[in-house]
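Dear colleague,

I am passing on the structure we spoke about, and below it you will find an account of what came out of the analysis. Please keep the model open while you read, so that you can follow the residues as they are named.

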Amino acid sequence: MIRFLAVLSGVLLVTSVTLMTPWAGIPAVVLVVAGWWFRLPAVAAVLLAVGVLAAADTGVLAAAAAGLVATAYLLNTATVSAPVGVVPTTVPSVIGAVAFAATAVGAALLPLRLAWVPIAAPILVILLYFLVIQGVTIKRGRDGGETATAGQPASMGKL
């Protein structure tokens with residue numbers, strides 16, 4: 001099934017690149033086919049698609065569709081040679097990709113022009129980074145002892 005999804009997403013990636021810029025279709029085919037066995041050409045195929053998107057000056061929906069296809073391609077080609085049981089296309093990965101694409105399309109299509117957004121963006125990135133790191137690090141209790149983190153018993157730090 002993973003091989004089928006890798007081939008299908010590769011064909012869709014080549015099709016999207018060829019529709020945007022026909023001359024880029026041949027290198028896309030070569031990179032996508034090589035990407036089914038090696039990871040580096042798969043990344044190069046996605047970078048080619050990004051370059052074609054930038055050069056062709058396509059619309060927001062075409063860019064979002066190409067991004068979703070590129071995400072599916074990278075997820076499935078990266079695990080073609082993975083051990084049995086590795087499933088790249090899970091419900092959280094699909095929901096995340098579609099939600100981020102929908103958010104990007106919504107942000108690009110909204111006619112808002114807020115002057116303060118460039119100032120608020122770094123602050124928001126730092127706050128998001130803090131929230132992510134806070135969930136990963138070990139929390140200290142009031143007495144200075146370690147408390148349990150996700151999936152780790154409290155006694156692990158006191159060995």
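A pocket, in the sense used here, is an open set of grid points where a 1.4 Å probe fits, with protein on both sides within 12 Å along at least five of seven lines. Please bear in mind throughout that this is a predicted model.

By that definition, the largest pocket has a volume of about 210 Å³. Its lining is made up of 15 residues, and those closest to the centre of the pocket are Leu68, Ala72, Asn76, Thr89 and Val94. At least two lining residues come from each of helix 1 (2–20), helix 4 (60–78) and helix 5 (91–109), and helix 4 gives the largest share, with six residues. When the lining is sorted by class, 10 of its residues are nonpolar and five are polar, while no charged residues are found there.

As for the chain as a whole, the protein has six helices and zero strands, so that, by the DSSP runs used to define these elements, the order from the N terminus on reads α-α-α-α-α-α. Of its 159 residues, 22% count as buried, and the accessible surface comes to about 10900 Å², with 77% of that area belonging to carbon and sulfur atoms.

Thr21 sits in the loop between helix 1 and helix 2 (25–35), and it counts as buried because its relative accessibility is 10%, where the cut-off for buried is under 20%. If its neighbours within four places in sequence are left aside, Thr21 is in contact with Val52 and Ala56.

Finally, there is the matter of aromatic rings. A pair of such rings is described by the distance of the centres and the angle of the planes. The structure holds one aromatic pair, formed by Trp36 and Trp37, whose ring centres are 6.4 Å apart and whose planes stand at 65°, and the pair is therefore edge-to-face, since planes over 60 degrees apart count as such.

With best regards

How values were computed
Residues numbered from 1 in each chain as written. Predicted model: local features only at pLDDT ≥ 70, side-chain atom pairs only at ≥ 80, totals over all residues. Heavy atoms only, no water. 1 Å grid on protein atoms, 1.4 Å probe; cavity = no way out; pocket = protein on both sides within 12 Å on 5 of 7 lines; lining within 4 Å. Points joined across faces, edges and corners; volume = space filled by probe spheres on them. Helix = DSSP H or I, 4+ residues; strand = E, 2+ residues; numbered from the N terminus. Nonpolar A, V, L, I, M, F, W, Y, C, P; charged D, E, K, R; others polar. Buried < 20%, exposed > 50% of the residue type's maximum accessible area, 1.4 Å probe, protein only. Areas by Shrake-Rupley, 256 points an atom, 1.4 Å probe, with all protein chains shown as cover. Contact = heavy atoms within 4.5 Å. Phe/Tyr/Trp six-rings, centres within 6.5 Å; stacked < 30°, edge-to-face > 60°.
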